[in-house]
Amino acid sequence: MNAARIDARATVACLLGPTASGKTAAALAFAARRPVEIVSVDSALVYRGMDIGTAKPTAEERSRAPHHLIDIVDPADAYSASDFRADALRAIGAIVERGHVPLLVGGTMLYYRALTQGLNDLPGADAALRASLEADAMRDGWPALHARLAAVDPLTAARLAPNDSQRIQRALEVFMLTSQPMSALLAAPARDDNAAARYRFAPVALEPSDRSVLHARIARRFDAMLAAGFIEEVERLRARGDLHAGLPSMRCVGYRQAWAYLDGAIDHATMRDQGVFATRQLCKRQLTWLRAMPERTVIDCCAEDATEQALHVLERIVEGRA
């Protein structure tokens, strides 16, 4: 009975991987072969006006296949894993209804987990509490708040850098709201509303056999972003007047460093180096999430034929052979 139920589910191919691993190229190559509609699994691509620093697919690339969950949120607004799950399920359902092939593409593994495994009982954001933590950080520094987190949630603190302000703040917020460490809440069985039960998610992961190759790509891409006008993009966002460095949108990798540079807190060379380093740290976290997924099919993104390998696996998935 279980096998019959699994066989009856619609299979959804998922192309996952760290930043700069070649996901967009592989996805568009697959879209050239199949009636594919791409569902973005990326917490930065949701924001409008944040194009260069997020390596958002260009207008030409987006014209080659319908894209979903890109440019759907104003940078002043929040967007949660719960929001993503609801939006992604709606998008996938509509794509299947049209007789097209849904392809999930991205590297925000928390979103992917929320979609495929359900949601944990984490509290929503508390603006007053976040403001209080921001004030503490301004006075004492984020390493001090990291030490505070280590005292109440050592497991979460151990995987966070002392200056990872967004995640330190969130983990402290969760503890202060629930009196439970976030690590314990995340380890508890997720709430499953069965909304995703009609799909079988098949992850294909682009991962590097040599991380230094990916690091070099990251550096080149960051330099290309700067040359393409990334600082000017952040200047335009700042000029709106309603955005600030504490917003989730402006904490995205690269934007945080560019904002500090425009504030005069760091020089251009430091901004560039910190942006590259932060992107490498993001890559490391993405790979940690991926390696906790034993069901994934791994493609070496350093291989010259990585795109062709990914296409072969994706074809097998949509044909029901994998």
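1. Lys-23 is buried, at a relative accessible area of 12%; buried here stands for under 20% relative accessible area, exposed for over 50%, and partly exposed for what lies in between (1.4 Å probe, protein chains only). The residue is part of helix α2. Helices (H or I, at least four residues) and strands (E, at least two) are DSSP runs, numbered from the N terminus. The model is predicted: local features need pLDDT of at least 70 and side-chain atom pairs count only at pLDDT 80 or more, while totals for chains, interfaces and linings use all residues. Residues are numbered from 1 along each chain as its sequence is written, and side-chain values use heavy atoms, with hydrogens and water left out.

2. Apart from neighbours within four places in sequence, Lys-23 is in contact with Leu-15, Leu-16, Gly-17, Pro-18, Val-105, Gly-106, Gly-107 and Leu-206. Contact means heavy atoms within 4.5 Å. The side chain of Lys-23 also reaches the backbone oxygen of Gly-17, at 3.2 Å.

3. Gly-17 sits in the loop between β1 and α2 and is buried, with a relative accessible area of 0%. Not counting residues up to four places away in sequence, the residues that Gly-17 touches include Lys-23, Met-109, Gln-286 and Leu-290.

4. Ala-20 is in the loop between β1 (10–16) and α2 (23–31). Ala-20 counts as buried because its relative accessibility is 13%. With residues up to four places away in sequence set aside, Ala-20 touches Leu-214, Arg-217, Ile-218 and Arg-221.

5. Ser-21 lies in the loop between β1 and α2, and is buried at a relative accessible area of 4%. Leu-206, Leu-214, Arg-217 and Cys-301 are touched by Ser-21, not counting residues up to four places away in sequence. A polar atom of the Ser-21 side chain lies 2.7 Å from the backbone oxygen of Pro-18.

6. On annotation, UniProt (unreviewed entry) lists Gly-17, Pro-18, Thr-19, Ala-20, Ser-21, Gly-22, Lys-23 and Thr-24 for the feature "binding site". UniProt positions are given in the numbering used here, feature names are shortened, and annotations may be inferred rather than shown by experiment.

7. Asp-74 is placed in the loop between β3 (67–68) and α4 (81–97). Its side chain makes a polar contact with the side chain of Arg-240 at 2.8 Å. A polar contact is a pair of N or O atoms within 3.5 Å; within protein, one must be able to donate a hydrogen and the other to accept it, and residues adjacent in sequence count only if both atoms are side-chain atoms. Tyr-47 and Arg-48 are among the residues that Asp-74 touches, not counting those up to four places away in sequence.

8. The axes of helix α6 (residues 127–140) and helix α7 (residues 142–152) come within 7 Å and cross at roughly 120°. Axes are lines fitted to C-alpha atoms, for helices over the stretch in contact, and angles run from 0 to 180 degrees between N-to-C directions. The two helices, α6 and α7, are therefore oblique to each other; angles under 35 degrees count as roughly parallel, over 145 as roughly antiparallel, 65 to 115 as roughly perpendicular and the rest as oblique. Leu-133, Glu-134, Asp-136, Ala-137 and Asp-140 of α6 make the contact with Trp-142, Ala-144, Leu-145 and Arg-148 of α7.

9. In helix α13 (residues 255–263), the buried residues are Tyr-255, Gln-257, Ala-258 and Trp-259. Their cover includes α12 (230–239) and α14 (268–291).
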